[in-house]
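User: Hey, I'm new to this one. Can you walk me through it?
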Amino acid sequence: MAYGCDLGGGQRVYLDNQGSQTVITLASSSPGQQQQASTGFQTGRWNGSPQAFQTASGIVIKIPLADGDRFIQIQGNRIHWVNAGTVETAQPLVMQQVEMPELASMPPMQPMQPMEMQPMKPMTMGNMSMNMNPMEMRMGDMEMRMGSAAAANQTTHQASAQQDSKRFCNQCGSSVKPDDRFCSSCGNRLG
């Protein structure tokens, strides 16, 4: 029969005497996550129930054996042997007989299913709008279309027409008139 002890913070320790080996399993769980780590020690058969203690430097497990007690310390995820003196002033924890949980048997992940592609709905944000079929974007008085040769020619024609009628300051990006020599926003000399 296995023994278990709640260590707090979503962490539990399980001990099981399997023949001459003591198996210690640390299990941590938090929402959406479960981790476990097991370590085995050659100890021989137990001579009684294990006990758990909270010490200043971690958890100490006392394992009663025919040739004397052995002590195992758990510090975070590290498990190692320690001397008996570490539990003299320690606080005992509740260690109970438990059915050893099937920690390693997580249900297998299902393969990812193909996504059903839904057409993108037209999107509008402020004075900007986008549409995917045909691919087009409008922002203020600027427009861009992509997809067919006719749309590409129209976009090129619109862009060149806009470039002829509108110019922008190369320093601040403000709109300037074709005959302006200086930007009215930042004073930059236009080339």
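This is a predicted model: local features need pLDDT of at least 70, side-chain atom pairs count only at pLDDT 80 or more; totals for chains, interfaces and linings use all residues.
User: OK, how many helices and strands are in the protein chain?
Analyst: There is 1 helix and there are 16 strands; these are DSSP runs numbered from the N terminus, with helices being H or I of at least four residues and strands E of at least two.
User: Which strand is joined to S2?
Analyst: That's S3: S2 (residues 11-18) and S3 (residues 21-30) run antiparallel, joined by 8 bridges. Two strands count as paired if DSSP finds at least two bridges between them. Gln11 has Ser28 in S3 as its bridge partner.
User: And what's in the turn between S2 and S3?
Analyst: The two strands make a hairpin with 2 residues between them, and Gly19 in the turn has a positive phi of about 70°.
User: What about S3 and S4?
Analyst: They run antiparallel too, with 10 bridges joining S3 to S4 (residues 33-42). Ala27 is opposite Gln36 in S4. This hairpin has 2 residues between the strands, and Gly32 takes a positive phi near 80°.
User: Switching topic: what share of the residues is buried?
Analyst: 28% of the 191 residues, where buried means under 20% relative accessible area with a 1.4 Å probe, protein chains only.
User: Which residues does the UniProt domain annotation cover?
Analyst: The unreviewed UniProt entry puts "domain: Putative zinc-ribbon" on residues 169-190. Over residues 169-190 the chain is 0% helix and 9% strand, with the end C-alpha atoms 7 Å apart.

Conventions. Residues are numbered from 1 along each chain as its sequence is written. Side-chain values use heavy atoms; hydrogens and water are left out. Buried means under 20% relative accessible area, exposed over 50%, partly exposed in between (1.4 Å probe, protein chains only). UniProt positions are given in the numbering used here, feature names are shortened, and annotations may be inferred rather than shown by experiment.
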